[in-house]
Amino acid sequence: MNAIVRLDGSALLARAEELAVLLTDTVDGGASVGFLAPLDRAEALAWWKERAAAVDEGGLAVWAATGERVAGTVSLAFPDKPNSRHRAELVKLMVHREARGRGLGRALLATAERAAAEAGITLLHLDTETGSPAESLYRTAGWTRAGVIPDYAATPAGALRPTTLFYKRLGVPTP
C-alpha cells in the first residue's frame, strides 16, 4: 500500500518527474483533467513545477500516494478572498492506471477531506466529467450533485463534454 504524504514546495519539486508521469498517464487514459492529448512530458513537468510556489504560499495543498513511485495525487485549492475562506476546491485527483481499483482514489479523497476539516474548511466543491468513473467515486463518497454544465470542458481528445458539479459539507459553517 502506498503512503499518502502532504508535499511542501521542495518535496513537490523533488517528486515533479513522478508527478509528471502520473499526469501524462492520466491524460493518456482519457481523464479530463485540463489537458489535451498527447500531453508532452516536459509540459506536464513544467505544470507541476509551477505549483510549488502556491504550495509554499498556502494557496494549494498537494498530497501524493508514494511508494516505488507516485501512484496518485489530490490537491485542495484555497481561495484568497475573505468571504470564501470557509471553502476549498478539490482538484486533480489522479490515480495511475496501473494502481486503479484498489481504493487509492477513495483514500486520497478521504485524506483531503480530513485535512480540510482540520484546517477549518466547512465546504468543499469540485467539478468532474459527467459519466466518468470519478463521478461515481464522489457520489458514493457522500458528495452532493449540484448540477451539470453542458459542453464545459474538452476531453483529452478534444470532444466537449458536460461537467457535473459536486459539493460536500464538512461541518457547520461559522461566521
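Predicted model: local features only at pLDDT ≥ 70, side-chain atom pairs only at ≥ 80, totals over all residues.
Q: Is Ala-141 buried or exposed?
A: Burial is read from relative accessible area: under 20% is buried, over 50% exposed, and partly exposed in between (1.4 Å probe, protein chains only). Ala-141 is buried because its relative accessible area is 18%.

Q: Which residues does Ala-141 touch?
A: Contact means heavy atoms within 4.5 Å. Not counting residues up to four places away in sequence, Ala-141 touches Arg-106, Leu-109 and Lys-168. Lys-168 is 27 residues from Ala-141 in sequence, with a C-alpha to C-alpha distance of 9.4 Å.

Q: How many residues has the largest nonpolar core?
A: In soluble globular proteins, nonpolar side chains tend to be buried together. A nonpolar core is a set of buried Ala, Val, Leu, Ile, Met, Phe, Trp, Tyr and Cys residues joined through side-chain atoms within 4.5 Å. The largest has 25 residues, and those with the most contacts inside it are Leu-76, Leu-90, Leu-109, Tyr-138 and Trp-143. The largest share of this core, 6 residues, is supplied by α4.

Q: What residues line the largest pocket, and which lie nearest its centre?
A: Rolling a probe the size of a water molecule over the atoms shows where empty space is left. On a 1 Å grid over the protein atoms alone, a pocket is an open set of points where a 1.4 Å probe fits, with protein on both sides within 12 Å along at least five of seven lines; lining residues have an atom within 4 Å of a point. The largest pocket is lined by 34 residues, with Ala-31, Leu-93, Thr-128, Ala-134 and Tyr-138 nearest its centre. The most lining residues, 7, come from β4.

Q: Where does His-96 lie, and is His-96 buried or exposed?
A: His-96 is in the loop between β4 and α4. His-96 counts as buried because its relative accessibility is 8%. Beyond its neighbours within four places in sequence, His-96 is in contact with Leu-22, Asp-25, Arg-69 and Ala-71.

Conventions:
Residues numbered from 1 in each chain as written. Heavy atoms only, no water. Helix = DSSP H or I, 4+ residues; strand = E, 2+ residues; numbered from the N terminus.
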